[in-house]
Amino acid sequence: MTYGPDHFGGDADRQGSPAGCELFQSAAAELALGSLTGADRSIALAHLDDCADCRSLLEELSTTADALLLAAPEADPPAGFEVRLLARLGRNELAPAPAAARLGSVIPLRRRARVILAAAAAAVVIAGAGIGLGIAVTPRHATQSATPAIRVATLRSIATSNIPAAPVGQVAITAGKPSWVVMTFHKPGFSGWVYCMVSESGHSKVLGSFWMHDGSASWAVPLASSGAAVSSAQIEGLNGAIFATAQFAS
Amino acid sequence: MASADTRSDEALLGAMAVGDEAAGIAFVRRYQRRTFGLALSIVGDTDLSEDISQEALVRAWRHAPVYDSRRASVTTWVLTITRNLAIDALRMRRAVPIDPDDIINLGIVSADLDPSDQAWRNDASARVRVALASLPVEQRRALVLSAFYGLTADEISRQESIPLGTAKTRIRAGLGKVRSILAADGLYDGAVGALRPPKLPSVPALPKQPGDAPVIPQPPHQEHLS
């Protein structure tokens with residue numbers, strides 16, 4: 001059963017006729033719950049134009065629908081929730097830095113990571129200058145065996161039969177304790193949750209999930225390890241679709 | 001300045017809108033258990049629920065200047081943002097099966113509330129749970145699938161293997177009964193305050209020319225800040 005124009009009695013019943021009201025009332029619950037879509041929703045709303053009784057009904061049902069969310073039980077969030085939230089808002093000065101960041105917690109790039117980002121950006125510039133992708137940038141006085149200060153790799157989209165892979169972002173891994181993964185990722189027009197994974201010593205590991213808005217995101221997350229053994233990174237959608245991969249030079 | 005913890009939700013949002021970080025922190029502390037609990041009820045995953053809850057609170061903080069108290073209570077506003085984010089996450093992770101009993105078993109529908117106990121009568125959440133608990137199981141399932149998981153009647157009919165008309169009837173009857181129960185409890189009279197009816201947006205005039213499509217506003221509970 002669907003509600004078409006005839007269901008609401010057409011134009012004549014938009015003036016609040018009994019038949020139009022009766023038909024509106026049959027769809028009002030779905031409208032209040034936000035599950036009435038397309039033409040049905042449009043027509044139902046049009047009926048409200050001249051029908052105060054049905055507007056009042058919808059107000060009450062909408063209030064009821066909203067009230068249902070109050071029934072969800074409250075629950076204590078994981079330890080460190082508030083600290084991570086404040087970090088996400090860039091208000092780190094109000095909270096101590098997490099001593100042991102929960103694996104999987106993602107801290108969108110803010111003040112604390114700006115130094116790291118600046119270093120990563122410098123490495124990206126070098127990579128873009130033709131030295132190559134997946135370049136390892138070493139300190140001026142580093143010995144050959146020293147761990148590179150920053151390793152950078154280009155995130156590339158997944159090639160399809162019609163579209164070749166293309167650069168869609170950068171991943172940088174800093175040496176030190178903690179080591180940080182700093183990333184920028186672009187997917188035009190996309191908003192939603194994505195996962196970042198890395199392959200370290202042959203094992204795949206989820207670094208965390210984060211929210212992308214309007215096709216662009218930058219973020220940083222600390223690694224429990226030095227990061228030296230990370231060989232690749234991957235961005236996935238929540239449904240498992242692979243959006244981009246990056247390979248670090250060995 | 002009054003202690004942040006004693007200010008009303010609206011006062012906290014107003015202070016946040018002008019950069020009062022202490023108010024923002026008080027707001028987060030007031031709502032983190034509710035937003036996390038709602039997200040966990042819907043997606044059932046702790047890490048994802050934390051991300052959803054944090055994103056909802058971040059949005060509330062950043063959109064505090066545009067919060068309109070005439071449209072919905074702060075509680076409704078924040079929980080609706082949380083629900084919409086959770087539904088978005090669920091839809092992107094379609095491999096996870098949806099079972100409204102997951103929510104029901106998490107304690108939404110609690111039968112152990114004593115109606116003679118005055119304490120729960122002052123608790124809007126408890127009263128809504130009692131109202132839900134009073135519904136026949138099939139109506140409650142349909143209503144929970146729609147209100148918490150955002151499923152349409154068509155999707156519910158497929159999930160529950162029932163005719164579309166039956167799904168619509170269960171949704172309508174379920175919501176109607178909850179409305180009647182809450183109205184009888186006086187929950188719309190402002191006694192509790194959490195359910196202050198929002199004002200609907202003005203409805204656009206019908207198109208004057210054939211083909212002129214009206215711009216349809218979203219009802220308050222569908223607001224999805226981004």
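Modeller: W180(A) has its bridge partner in β8(A), namely P222(A). Strand β5 (residues 179–186) of chain A and β8(A) run antiparallel and are joined by 8 bridges, where two strands count as paired if DSSP finds at least two bridges between them. This is a predicted model, in which local features need pLDDT of at least 70 and side-chain atom pairs count only at pLDDT 80 or more, while totals for chains, interfaces and linings use all residues. Residues are numbered from 1 along each chain as its sequence is written, and chains are lettered from A and ligands numbered from 1 in the order in which they are written.

Strand β8 (residues 216–223) of chain A is mostly covered, with 6 of its 8 residues buried; a residue is buried if 20 or more other C-beta atoms, placed from the backbone, lie within 10 Å of its own, exposed if 12 or fewer, and partly exposed in between. Strand β6 (residues 192–200) of chain A runs antiparallel to strand β9 (residues 230–237) of chain A, and 7 bridges join them, with C196(A) opposite I235(A) in β9(A). β9(A) also pairs with strand β10 (residues 242–247) of chain A, again in the antiparallel sense, over 5 bridges, and there A233(A) stands opposite A246(A).

Chain A as a whole has 5 helices and 10 strands, these being DSSP runs (H or I, at least four residues, for helices; E, at least two, for strands) numbered from the N terminus. By contrast, chain B has 10 helices and 0 strands. Of the 250 residues of chain A, 44% are buried, and of the 226 residues of chain B, 46% are.

The largest nonpolar core holds 118 residues, and those with the most contacts inside it are A28(A), A32(A), V181(A), V43(B) and L175(B); such a core is a set of buried Ala, Val, Leu, Ile, Met, Phe, Trp, Tyr and Cys residues joined through C-beta atoms within 7 Å. Helix α2 (residues 21–43) of chain B gives this core its largest share, 12 residues. Beyond its neighbours within four places in sequence, L175(B) is in contact (C-beta atoms, placed from the backbone, within 7 Å) with residues including A29(A), A32(A), L61(A) and L143(B). L175(B) is among the buried residues of α10(B), as are R170(B) and L182(B).

S161(B) counts as exposed because it has 6 other C-beta atoms within 10 Å.

In chain A, confidence is highest in helix α3 (residues 52–68), at a mean of 91, and lowest in strand β2 (residues 136–137), at 31. The pLDDT is below 50 over residues 92–146 of chain A, although this stretch has 94 contacts in the model beyond near neighbours in sequence. Residues 1–15 of chain A also stay under 50, with 34 contacts beyond four places in sequence. Where pLDDT is low, the predicted coordinates should not be read in detail.

Methods:
pLDDT = per-residue confidence, 0-100. Contact = placed C-beta atoms within 7 Å.
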